[in-house]
Amino acid sequence: MQTRSSWEHEEGEDGHGWDHAGWSYDGPTGPQYWGTLTPDYAQCSSGGRQSPIDIIEFRTSRRFLGDLKFTYPTNASGTLWNNGHTIEFHSETNLWSHISGGPLYEDQYHIVSMHLHAPSEHQLNGKYYPLELHIVHQARGTMDLVVVAVFFEEGPYSEFLAEYEYPIHDIETPDAHSPVGGIDVMSVIPRNASYYYYRGSLTIPDCDERVTWLVLSHTMTALPEQIQEFTKIYPHINRPVQPLNSRVVYFHAEGDPSLLPPNFHIPAPVECPPNVTITVPERDDPPEHHVLGISLVFFCLIALMVSLRAVRPK
Ligand SMILES: [Zn+2]
């Protein structure tokens, strides 16, 4: 265990830092009062694009947005910190860790921190999960954040959470932190990284609406004991779901061939006239039969070429 140092006083990414006004997850400083605690937190109650949300699958818009590209370390070292609201990990190797692809286009967003919520903050079809990991990213020169959310449910052992288990015993009290190494951040990304994408906010004060959310639809698993290692310190650290309002949640299914690129139109099927069969003319057929047969072949070929041109994405 170490003592607090100066870097801890910085306002953390995702708002997880030393807060200006006390807030909590229940009681008189709980989520329903965040917006009134200080003018700085006004967006918590007045904002129209708040997070988390309940993602209702059948209301999402399936789109081809492109697969996400994760360039994450497999042996990260850094500091595990009990910031009084959650357990947070700051990596020393974040310069080599970034996400791109999907709706992020060519921009690279670097990992600035990771932290857990219990139970999950987002819901999938009204369902909460025992844990939700937030991997917080920021692009150089911008205040915009990209947060990847990964749900954990009870199941087989989690290599990722295992790296937290030993140091977490050292930081059960707020303000404590401990060095940690060997974290394989790639191991927390599901093999299929299909995702929901929407624009939202930080889920803690000041609830600023500058977050691109990428909520992975495939869950990870952890043993019940592994989940309890965390929940015995913080059993309830999640903001209630917020109204979606007029926002659209998009869904990109990785590897789904039924999802077509944007502006990709399926052409009408090519049909030859129903009462015509194309036959190779007999050698002794009259010349007009040859002309008719060749014309029909040309008609079908031209129709086919037109349809192939329409298949190309615009
Ligand atoms: Zn969070």
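User: How many of the residues of strand 5 (residues 87-91) are buried?
Analyst: Five of its five residues are buried, so strand 5 is mostly covered. Buried here means that 20 or more other C-beta atoms lie within 10 Å of the residue's own; exposed means 12 or fewer, partly exposed is in between, and C-beta atoms are placed from the backbone. Strands (E, at least two residues) and helices (H or I, at least four) are DSSP runs, numbered from the N terminus. Before we go on: this is a predicted model, where local features need pLDDT of at least 70, side-chain atom pairs count only at pLDDT 80 or more, and totals for chains, interfaces and linings use all residues. Residues are numbered from 1 along each chain as its sequence is written.

User: Thanks. Which residues of strand 5 point which way?
Analyst: Ile87, Phe89 and Ser91 point one way, while Glu88 and His90 point the other way. All of them are buried.

User: And how does strand 4 run relative to strand 5, parallel or antiparallel?
Analyst: Antiparallel, with five bridges joining strand 4 to strand 5. Two strands count as paired if DSSP finds at least two bridges between them. Leu80, for example, has Phe89 in strand 5 as its bridge partner. Four residues sit between the strands in this hairpin, and Gly84 takes a positive phi near 90° there.

User: What about strand 5 and strand 7, how many bridges there?
Analyst: Two bridges, again in the antiparallel sense, with strand 7 covering residues 109-117. Glu88 has His115 in strand 7 as its bridge partner.

User: Switching to helices. Which residues of helix 3 are buried?
Analyst: Phe160, Leu161, Glu163 and Tyr164, in a helix that spans residues 159-168. Seen down the axis, the buried residues of helix 3 fall within an arc of 150°, so they line one face of the helix. That arc is taken over the directions from the helix axis to the C-beta atoms.

User: Why would spaced-out residues end up on one side of a helix?
Analyst: An α-helix has 3.6 residues a turn, so residues three or four places apart point the same way.

User: Handy. What covers those buried residues of helix 3?
Analyst: The cover includes strand 4 (76-82), strand 11 (177-183), strand 14 (220-222) and helix 4.

User: So where do helix 3 and helix 4 meet?
Analyst: Leu161, Glu165 and Ile168 in helix 3 meet Gln226, Glu229 and Phe230 in helix 4. Contact means C-beta atoms, placed from the backbone, within 7 Å of each other. The two axes come within 10 Å and cross at roughly 45°.

User: Which residues of helix 4 are buried?
Analyst: Gln226, Ile227 and Phe230. Seen down the axis of helix 4, they fall within an arc of 100°, so they too line one face. Their cover includes strand 5, strand 7 and helix 3.

User: And Pro224, buried or exposed?
Analyst: Pro224 is exposed, because it has 10 other C-beta atoms within 10 Å. It lies in helix 4 (residues 224-231), and Glu225 is exposed on that side of the helix as well.

User: Last one, how many helices and strands are there in the protein?
Analyst: Five helices and 15 strands. Of the 314 residues in the protein, 35% are buried.

How values were computed:
Two residues are in contact if their C-beta atoms, placed from the backbone, lie within 7 Å. Axes are lines fitted to C-alpha atoms, for helices over the stretch in contact, and angles run from 0 to 180 degrees between N-to-C directions.
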